[in-house]
Number of protein chains: 2
Amino acid sequence: MRSEIIADHAKDGWRLERLTLASHSGSHVDAPLHKFAGAASLDEIPLDRWLGNAWIADLRNAKSDERFTAERLEQRLPENLNDAIVLLATGWGDRRGKTDLWLHHAPLLCRQSAQWLVERGVRGVGIDYYSVGDAETHQELLAAGIWIAEDLRFPPEVFQLKQPVQFWCLPINLKGHSGAFCRPVIVA
Amino acid sequence: MRSEIIADHAKDGWRLERLTLASHSGSHVDAPLHKFAGAASLDEIPLDRWLGNAWIADLRNAKSDERFTAERLEQRLPENLNDAIVLLATGWGDRRGKTDLWLHHAPLLCRQSAQWLVERGVRGVGIDYYSVGDAETHQELLAAGIWIAEDLRFPPEVFQLKQPVQFWCLPINLKGHSGAFCRPVIVA
């Protein structure tokens, strides 16, 4: 993301910035259009689908390069996930850095566990890393109409909350776009 | 705002857009830093200040070039506005167009009525037009630490709701910025 000050107090009487950034920058959501031509753009998803009951899978003990298996998720989540949001807390959001480790060896969802989430009828999947997984993982979720929220952060106090939590990730309303930044919050 | 597709399905396996836009584009908030050097940027305002009880002043019968007086607002709002959000519904959000009328003759708040709102201790002021008023109007509100939400839209069903409504306008979390886009919603 680039941000430039294009007006300022002394000269213009006000401050204004111009931003240049990918639609999938910072905390953001992926709509099915991100992977499939002709699929739903984010504004075609009803607003209330972006908020709801969420279960946080505490995976902060994940190893580098780990691929979460269905068994691993099963241990950290309740049995009934129908229409629920699943938040994968890997702890890697707090370690962000342009290191080889952070960029290329994060623990991620894989195709098989994405499929497991699809079978359980989840509504959306969030993760505290810039990507939920590889291309196939994205495809598995987005083909099922499950939205993805990436680059989240989970402050420590989140793990003390009674679950399910109420999670909101309303994206900016960009018509016809494949994704957009959001302001994710847990409403407690 | 400019949006370009910088990756697409056939060639890259996914769709991605690059946006170039002012921080105060579309539905957005102004922080005090918009008008005052060294004043609070949007990330310095506690998150829960961006949501709360809101009173909608139905001003859809406003005339072009009208400046809302304190008397006019008083007729459309309850007496106690302490820590409340005031939403000015002019109807001009629905008429958006690059016409001389829309661009230069909208009904607006003025300095005196902004001062009246400051005296009543409001928390934030929203309007369904790209600006709440002139430079002095902005100054009056922002100097008092009152945030401004601009370029809102009020769908007709909003006017049937029991007031106060719960209004949310959580902005994108841009550190050190004078404002940012938000996804404004009424939670009913």
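In this predicted model, chain A contains an open sheet of eight strands in the order β11-β3-β9-β8-β6-β4-β10-β12, with mixed pairing. The edge positions are taken by β11 (179–181) and β12 (185–187) of chain A; each has a single partner strand, so one side of each lacks a neighbour in the sheet. From one strand to the next, the twist averages 30°. Within this sheet, β3(A) and β9(A) pair in the antiparallel sense over three bridges, and His28(A) stands opposite Glu150(A) in β9(A).

Helix α5 of chain A, residues 135–143, has as its buried residues Thr137(A), His138(A), Glu140(A), Leu141(A) and Leu142(A). These buried residues pack against several elements of chain A, namely β3 (28–30), β7 (108–109), α4 (111–119), β8 (124–127) and β9 (147–150). Just after α5(A), Gly145(A) adopts a positive phi of about 75°.

In chain B, the packing of α4 (residues 111–119) with α5 (residues 135–143) can be described through the helix axes, which come within 8 Å and cross at roughly 10°. Angles under 35 degrees count as roughly parallel, and α4(B) and α5(B) are therefore roughly parallel to each other. On the α4(B) side, the residues that meet α5(B) are Arg111(B), Ala114(B), Gln115(B), Leu117(B) and Val118(B); their counterparts in α5(B) are Glu136(B), Thr137(B), Glu140(B) and Leu141(B).

Arg49(B) is placed in the loop between β3 (28–30) and β4 (51–58) of chain B. With 14 other C-beta atoms within 10 Å, Arg49(B) is partly exposed. Although Arg49(B) and Trp147(B) are 98 residues apart along the chain, their C-alpha atoms are separated by 8.9 Å.

Between the two chains, 28 residues of chain A are in contact with 27 residues of chain B. Strand β2 of chain A, residues 16–22, supplies seven residues, the largest share of the side of chain A that touches chain B. Five bridges join β2(A) to β2 (residues 16–22) of chain B, and the two strands run antiparallel. Across this pairing, Leu21(A) stands opposite Leu19(B) in β2(B).

| Contact | Nonpolar | Polar | Charged |
|---|---|---|---|
| Side of chain A that touches chain B | 14 nonpolar residues | nine polar residues | five charged residues |
| α4(B) with α5(B) | four nonpolar residues | two polar residues | three charged residues |

Conventions. Residues are numbered from 1 along each chain as its sequence is written. Chains are lettered from A and ligands numbered from 1 in the order in which they are written. This is a predicted model: local features need pLDDT of at least 70, side-chain atom pairs count only at pLDDT 80 or more; totals for chains, interfaces and linings use all residues. Two residues are in contact if their C-beta atoms, placed from the backbone, lie within 7 Å. Helices (H or I, at least four residues) and strands (E, at least two) are DSSP runs, numbered from the N terminus. Ala, Val, Leu, Ile, Met, Phe, Trp, Tyr, Cys and Pro count as nonpolar, Asp, Glu, Lys and Arg as charged, and the others, Gly among them, as polar. Two strands pair if DSSP finds at least two bridges between them. Axes are lines fitted to C-alpha atoms, for helices over the stretch in contact, and angles run from 0 to 180 degrees between N-to-C directions. Angles under 35 degrees count as roughly parallel, over 145 as roughly antiparallel, 65 to 115 as roughly perpendicular and the rest as oblique. A residue is buried if 20 or more other C-beta atoms lie within 10 Å of its own, exposed if 12 or fewer, and partly exposed in between; C-beta atoms are placed from the backbone.
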